[in-house]
Amino acid sequence: MSDPSMTDIYALMRPRKVCVCRSVTENMILDSLERGARSFEDVQNETGCSTGCGTCESAVRAIIEKKLSPT
Ligand code: FES
């Protein structure tokens, strides 16, 4: 039986998948923006996110909007 506190730590260390269908993490979306993507479609083309069931679209758009909006 594993120690529940270690399980929690491993869960925190694991990158959060924004798009489960295509295994795209938030960092992959941010990297895409760093490389020059400027729209949802750019990120979608580069990472493949939101090309499956589509339920992640609003989460992907929120990450893009937050990153690209002026502070
Ligand atoms: S979770 Fe992203 S396309 Fe299904």
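Leaving aside residues up to four places away in sequence, I29 touches V18, V24, V43, T47, C49, V60, I63 and I64; a contact here is a pair of C-beta atoms, placed from the backbone, within 7 Å. This is a predicted model, in which local features need pLDDT of at least 70, side-chain atom pairs count only at pLDDT 80 or more, and totals for chains, interfaces and linings use all residues. Numbering starts from 1 along each chain as its sequence is written.

**The core**

Let's see where I29 sits. The largest nonpolar core has eleven residues: V18, C19, V24, I29, A37, V43, C49, C56, V60, I63 and I64. Such a core is a set of buried Ala, Val, Leu, Ile, Met, Phe, Trp, Tyr and Cys residues joined through C-beta atoms within 7 Å. Buried stands for 20 or more other C-beta atoms within 10 Å of a residue's own, exposed for 12 or fewer, and partly exposed for anything in between, with C-beta atoms placed from the backbone. Strand 1 (17–19) and helix 4 (57–68) each give at least two residues to this core. Helix 4 has the largest share, three residues.

**The overall layout**

The protein has four helices and two strands, in the order α-β-β-α-α-α from the N terminus. Helices (H or I, at least four residues) and strands (E, at least two) are DSSP runs, numbered from the N terminus. The radius of gyration is 14 Å, while a compact globule of 71 residues would come near 11 Å; this value is taken over C-alpha atoms, and the globule rule is 2.2 Å times the number of residues to the power 0.38. The C-alpha trace spans about 45 × 30 × 20 Å along its principal axes. Of the 71 residues, 21% are buried. Among contacts with a separation of 6 or more, 43% link residues 24 or more positions apart.

Helix 4 has twelve residues and covers 16 Å from its first C-alpha to its last, close to the 16 Å expected at 1.5 Å a residue; the expected span is 1.5 Å times one less than the number of residues. Its buried residues are V60, I63 and I64. Viewed down the axis of helix 4, these buried residues fall within an arc of 95 degrees, so they line one face of the helix. The arc is that of the directions from the helix axis to the C-beta atoms. As a general point, an α-helix has 3.6 residues a turn, so residues three or four places apart point the same way. On the face of helix 4 turned away from its buried side are the exposed residues S58, A62, E65 and K66.

In helix 3, the buried residues are V43, Q44 and T47. Seen down the axis of helix 3, they fall within an arc of 100 degrees, so they too line one face of the helix. After helix 3 comes G48, with a positive phi near 85 degrees.

| Helix | Buried residues | Pack against |
|---|---|---|
| Helix 3 (40–47) | V43, Q44, T47 | strand 2 (24–25), helix 2, helix 4 |
| Helix 4 (57–68) | V60, I63, I64 | strand 1, helix 2 (26–34), helix 3 |

**After helix 4**

S69 lies in the segment after helix 4 and counts as exposed, with 7 C-beta neighbours inside 10 Å. Its C-alpha is 15 Å from that of I29, 40 residues apart along the chain. P70 is in the segment after helix 4 as well, and P70 is exposed, with 3 other C-beta atoms within 10 Å.

Definitions and conventions. Two residues are in contact if their C-beta atoms, placed from the backbone, lie within 7 Å.
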